[in-house]
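Here are some friendly notes to read with the model open beside you. Take the points one at a time, and find each residue on screen as you go.

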Amino acid sequence: MRLLERVSTLIRANLNDMVDRAEDPEKLIKQVILDMENQYLQVKTQVAVSIADQHMLEKKLRENEDAGRDWMRKAELAVDKQQDEMARAALDRFQTAAKLTQSYREQVDDQTAQVESLKSSLIKLEQKLQEAKSKRDVLLARHRRSAALTKAARAHTALGDQSKSAAFDRLGERVNQTESVASAEVQLLGDDMGDKLARLDRDAEVDRLLGELKTRRNLLTS
(Lines give C-alpha, C1' and ligand atoms only; values in the text may rest on other atoms or scores of the structure.)
Protein backbone atom coordinates (compact mmCIF):
# COMPACT_ATOMS: atom_id res chain seq x y z
CA MET A 1 0.00 0.00 0.00
CA ARG A 2 1.26 3.45 -0.91
CA LEU A 3 -0.03 4.80 2.39
CA LEU A 4 2.07 2.33 4.38
CA GLU A 5 5.11 3.16 2.24
CA ARG A 6 4.74 6.86 3.04
CA VAL A 7 4.23 6.09 6.71
CA SER A 8 7.26 3.81 6.74
CA THR A 9 9.37 6.59 5.21
CA LEU A 10 8.24 9.03 7.90
CA ILE A 11 8.90 6.49 10.68
CA ARG A 12 12.43 5.79 9.41
CA ALA A 13 13.23 9.48 8.91
CA ASN A 14 16.08 10.77 11.07
CA LEU A 15 14.90 14.12 12.39
CA ASN A 16 18.40 15.22 13.44
CA ASP A 17 19.85 14.64 9.97
CA MET A 18 16.87 16.31 8.32
CA VAL A 19 17.32 19.44 10.44
CA ASP A 20 21.08 19.52 9.84
CA ARG A 21 20.61 19.38 6.06
CA ALA A 22 17.68 21.79 5.87
CA GLU A 23 18.08 25.36 4.66
CA ASP A 24 15.15 26.40 6.87
CA PRO A 25 14.97 23.90 9.79
CA GLU A 26 12.04 25.62 11.46
CA LYS A 27 9.95 25.39 8.31
CA LEU A 28 11.06 21.77 7.79
CA ILE A 29 10.09 20.71 11.32
CA LYS A 30 6.65 22.29 10.97
CA GLN A 31 6.16 20.55 7.61
CA VAL A 32 7.32 17.17 8.95
CA ILE A 33 4.93 17.39 11.89
CA LEU A 34 2.10 18.43 9.58
CA ASP A 35 2.86 15.49 7.25
CA MET A 36 2.93 13.10 10.21
CA GLU A 37 -0.38 14.40 11.52
CA ASN A 38 -1.99 14.02 8.08
CA GLN A 39 -0.60 10.52 7.62
CA TYR A 40 -1.66 9.59 11.15
CA LEU A 41 -5.24 10.59 10.42
CA GLN A 42 -5.17 8.68 7.13
CA VAL A 43 -3.79 5.54 8.76
CA LYS A 44 -6.28 5.83 11.62
CA THR A 45 -9.11 6.06 9.09
CA GLN A 46 -7.69 3.14 7.13
CA VAL A 47 -7.47 1.06 10.32
CA ALA A 48 -11.15 1.71 10.99
CA VAL A 49 -12.08 0.79 7.40
CA SER A 50 -9.94 -2.36 7.50
CA ILE A 51 -11.48 -3.48 10.80
CA ALA A 52 -14.93 -2.94 9.31
CA ASP A 53 -13.91 -5.02 6.26
CA GLN A 54 -12.54 -7.71 8.57
CA HIS A 55 -15.84 -7.89 10.45
CA MET A 56 -17.72 -8.13 7.15
CA LEU A 57 -15.50 -10.98 5.93
CA GLU A 58 -15.83 -12.80 9.26
CA LYS A 59 -19.61 -12.49 8.95
CA LYS A 60 -19.50 -13.93 5.42
CA LEU A 61 -17.27 -16.72 6.69
CA ARG A 62 -19.72 -17.64 9.44
CA GLU A 63 -22.66 -17.47 7.00
CA ASN A 64 -20.99 -19.88 4.57
CA GLU A 65 -19.92 -22.20 7.40
CA ASP A 66 -23.56 -22.28 8.57
CA ALA A 67 -24.74 -22.79 4.98
CA GLY A 68 -22.29 -25.66 4.49
CA ARG A 69 -23.45 -27.37 7.67
CA ASP A 70 -27.07 -26.87 6.64
CA TRP A 71 -26.53 -28.41 3.16
CA MET A 72 -24.70 -31.35 4.70
CA ARG A 73 -27.60 -31.88 7.11
CA LYS A 74 -30.01 -31.84 4.15
CA ALA A 75 -27.83 -34.29 2.20
CA GLU A 76 -27.81 -36.66 5.19
CA LEU A 77 -31.58 -36.35 5.48
CA ALA A 78 -32.02 -37.11 1.76
CA VAL A 79 -29.80 -40.18 2.07
CA ASP A 80 -31.83 -41.37 5.05
CA LYS A 81 -34.94 -41.09 2.87
CA GLN A 82 -33.14 -42.76 -0.02
CA GLN A 83 -33.54 -39.72 -2.23
CA ASP A 84 -30.18 -39.82 -3.99
CA GLU A 85 -30.88 -36.98 -6.43
CA MET A 86 -31.77 -34.60 -3.65
CA ALA A 87 -28.72 -35.81 -1.73
CA ARG A 88 -26.49 -35.07 -4.75
CA ALA A 89 -28.00 -31.58 -5.15
CA ALA A 90 -27.48 -30.86 -1.44
CA LEU A 91 -23.88 -32.12 -1.58
CA ASP A 92 -23.22 -29.94 -4.66
CA ARG A 93 -24.44 -26.88 -2.74
CA PHE A 94 -22.36 -28.04 0.24
CA GLN A 95 -19.20 -28.06 -1.92
CA THR A 96 -19.96 -24.55 -3.18
CA ALA A 97 -20.40 -23.34 0.40
CA ALA A 98 -17.19 -25.12 1.44
CA LYS A 99 -15.20 -23.40 -1.33
CA LEU A 100 -16.63 -20.03 -0.38
CA THR A 101 -15.87 -20.77 3.27
CA GLN A 102 -12.23 -21.49 2.43
CA SER A 103 -11.99 -18.36 0.31
CA TYR A 104 -13.47 -16.19 3.05
CA ARG A 105 -11.21 -17.82 5.66
CA GLU A 106 -8.14 -16.87 3.59
CA GLN A 107 -9.47 -13.34 3.13
CA VAL A 108 -10.12 -13.02 6.86
CA ASP A 109 -6.56 -14.15 7.58
CA ASP A 110 -5.14 -11.63 5.08
CA GLN A 111 -7.37 -8.86 6.39
CA THR A 112 -6.40 -9.65 9.97
CA ALA A 113 -2.72 -9.40 9.06
CA GLN A 114 -3.35 -6.09 7.29
CA VAL A 115 -5.22 -4.70 10.27
CA GLU A 116 -2.39 -5.68 12.60
CA SER A 117 0.15 -4.10 10.26
CA LEU A 118 -1.86 -0.90 10.09
CA LYS A 119 -2.28 -0.83 13.87
CA SER A 120 1.46 -1.31 14.33
CA SER A 121 2.23 1.47 11.85
CA LEU A 122 -0.29 3.71 13.56
CA ILE A 123 1.37 3.17 16.94
CA LYS A 124 4.87 3.76 15.53
CA LEU A 125 3.75 6.86 13.66
CA GLU A 126 2.09 8.21 16.79
CA GLN A 127 5.32 7.66 18.72
CA LYS A 128 7.33 9.35 15.96
CA LEU A 129 4.90 12.26 15.95
CA GLN A 130 5.22 12.71 19.70
CA GLU A 131 8.99 12.46 19.38
CA ALA A 132 9.01 15.14 16.69
CA LYS A 133 6.84 17.44 18.79
CA SER A 134 8.96 16.93 21.89
CA LYS A 135 12.18 17.43 19.95
CA ARG A 136 10.93 20.40 17.96
CA ASP A 137 12.13 23.11 20.35
CA VAL A 138 15.34 21.25 21.18
CA LEU A 139 16.22 20.69 17.53
CA LEU A 140 15.50 24.29 16.58
CA ALA A 141 17.50 25.63 19.54
CA ARG A 142 20.42 23.36 18.61
CA HIS A 143 20.27 24.52 15.02
CA ARG A 144 20.19 28.20 16.01
CA ARG A 145 23.15 27.64 18.31
CA SER A 146 25.03 25.88 15.52
CA ALA A 147 24.22 28.73 13.10
CA ALA A 148 25.47 31.30 15.60
CA LEU A 149 28.71 29.38 16.10
CA THR A 150 29.17 29.09 12.35
CA LYS A 151 28.62 32.83 11.90
CA ALA A 152 31.11 33.59 14.69
CA ALA A 153 33.68 31.24 13.17
CA ARG A 154 33.30 32.88 9.76
CA ALA A 155 33.67 36.32 11.31
CA HIS A 156 36.82 35.19 13.09
CA THR A 157 38.14 33.74 9.86
CA ALA A 158 37.38 36.98 8.04
CA LEU A 159 39.27 38.96 10.67
CA GLY A 160 42.19 36.58 10.37
CA ASP A 161 42.24 36.80 6.57
CA GLN A 162 45.91 37.03 5.48
CA SER A 163 45.13 39.42 2.65
CA LYS A 164 43.48 41.85 5.04
CA SER A 165 46.28 41.44 7.55
CA ALA A 166 48.81 42.14 4.81
CA ALA A 167 46.87 45.26 3.80
CA PHE A 168 47.05 46.55 7.37
CA ASP A 169 50.78 45.81 7.44
CA ARG A 170 51.32 47.73 4.19
CA LEU A 171 49.30 50.65 5.54
CA GLY A 172 51.45 50.65 8.67
CA GLU A 173 54.59 50.63 6.59
CA ARG A 174 53.34 53.61 4.56
CA VAL A 175 52.53 55.54 7.73
CA ASN A 176 55.97 54.76 9.13
CA GLN A 177 57.58 55.81 5.87
CA THR A 178 55.64 59.09 5.80
CA GLU A 179 56.59 59.80 9.38
CA SER A 180 60.24 59.08 8.62
CA VAL A 181 60.27 61.42 5.59
CA ALA A 182 58.59 64.19 7.58
CA SER A 183 61.04 63.74 10.41
CA ALA A 184 63.98 63.84 8.02
CA GLU A 185 62.67 67.00 6.36
CA VAL A 186 62.26 68.68 9.73
CA GLN A 187 65.74 67.57 10.72
CA LEU A 188 67.22 68.84 7.45
CA LEU A 189 65.41 72.13 7.91
CA GLY A 190 66.83 72.41 11.41
CA ASP A 191 70.33 71.51 10.25
CA ASP A 192 70.19 74.09 7.45
CA MET A 193 69.11 76.82 9.85
CA GLY A 194 71.83 75.84 12.27
CA ASP A 195 74.43 76.03 9.53
CA LYS A 196 73.26 79.52 8.54
CA LEU A 197 73.40 80.72 12.12
CA ALA A 198 76.84 79.18 12.58
CA ARG A 199 78.07 80.89 9.41
CA LEU A 200 76.74 84.23 10.67
CA ASP A 201 78.63 83.69 13.93
CA ARG A 202 81.78 82.84 12.02
CA ASP A 203 81.45 85.87 9.72
CA ALA A 204 80.98 88.18 12.69
CA GLU A 205 84.03 86.74 14.35
CA VAL A 206 86.03 87.13 11.15
CA ASP A 207 84.92 90.78 10.86
CA ARG A 208 85.92 91.36 14.45
CA LEU A 209 89.31 89.78 13.98
CA LEU A 210 89.78 91.77 10.75
CA GLY A 211 89.01 94.97 12.56
CA GLU A 212 91.44 94.17 15.33
CA LEU A 213 94.10 93.27 12.78
CA LYS A 214 93.64 96.54 10.91
CA THR A 215 93.85 98.49 14.16
CA ARG A 216 97.12 96.83 15.13
CA ARG A 217 98.58 97.39 11.69
CA ASN A 218 97.65 101.02 11.69
CA LEU A 219 99.31 101.49 15.07
CA LEU A 220 102.53 99.88 13.83
CA THR A 221 102.80 102.02 10.70
CA SER A 222 102.01 105.32 12.33
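## Notes on the fold and its contacts

E37 is partly exposed, with a relative accessible area of 29%. Keep that residue in mind, as point 4 returns to it. Please also remember that this is a predicted model.

1. **The overall layout.** Followed along the sequence, the pattern reads α-α-α-α-α. Of contacts between residues at least 6 apart in sequence, 82% join residues at least 24 apart.

2. **Surface and interior.** How much of the chain counts as buried? The share is 19% of the 222 residues. The accessible surface is about 16600 Å², and carbon and sulfur atoms account for 54% of that surface.

3. **The nonpolar core.** The largest nonpolar core is made of 14 residues, and I29, I33, M36, V43, V47 and L122 have the most contacts inside it. Helix 3 and helix 4 are the elements that give two or more residues to this core. To see one piece of it, click on V47: leaving aside residues up to four places away in sequence, V47 touches L118, K119 and L122.

4. Side chains of opposite charge can pair when their charged atoms come close. By the rule used here, there are six salt bridges. One of them joins K133 and E37, at 3.3 Å from N to O. K133 belongs to helix 4 and E37 to helix 3, so this pair links distant parts of the chain, 96 residues apart. K133 counts as partly exposed because its relative accessibility is 30%, which falls between the 20% and 50% cut-offs.

5. **Another link between helices.** Which residue forms a salt bridge with R105? The partner is E65, and the closest N and O atoms are 2.9 Å apart. Because R105 lies in helix 4 and E65 in helix 3, the pair ties together parts that are 40 residues apart in sequence. R105 is partly exposed at 31% relative accessible area, and E65 is partly exposed at 25%.

6. Now look at K74, which forms a salt bridge with D70, the closest N and O atoms being 3.5 Å apart. Both residues lie in helix 3, four residues apart, or about one turn of the helix. D70, R73 and K74 are linked in a network of salt bridges. K74 also has its charged end over the ring of W71, 4.5 Å from the ring's centre. At 35% relative accessibility K74 counts as partly exposed, and D70 is partly exposed too, at 27%. As for aromatic pairs, the structure holds zero.

7. **Two glutamines to compare.** Is Q111 buried or exposed? Q111 is buried, with a relative accessible area of 11%. Q111 is placed in helix 4, and it touches S50, D53, Q54 and L57, not counting residues up to four places away in sequence. Q82, by contrast, counts as exposed at 70% relative accessibility. Q82 is found in the loop between helix 3 (25–80) and helix 4 (84–159).

8. Most residues other than glycine have a negative phi. Stay with Q82 for a moment, where phi is near 60 degrees, a positive value in a residue other than glycine.

Conventions
Residues numbered from 1 in each chain as written. Predicted model: local features only at pLDDT ≥ 70, side-chain atom pairs only at ≥ 80, totals over all residues. Heavy atoms only, no water. Buried < 20%, exposed > 50% of the residue type's maximum accessible area, 1.4 Å probe, protein only. Contact = heavy atoms within 4.5 Å. Core = buried A, V, L, I, M, F, W, Y, C linked by side-chain atoms within 4.5 Å. Areas by Shrake-Rupley, 256 points an atom, 1.4 Å probe, with all protein chains shown as cover. Phe/Tyr/Trp six-rings, centres within 6.5 Å; stacked < 30°, edge-to-face > 60°. Lys NZ or Arg CZ within 6 Å of the ring centre and 35° of its normal. Salt bridge = Lys/Arg side-chain N within 4 Å of Asp/Glu carboxyl O.
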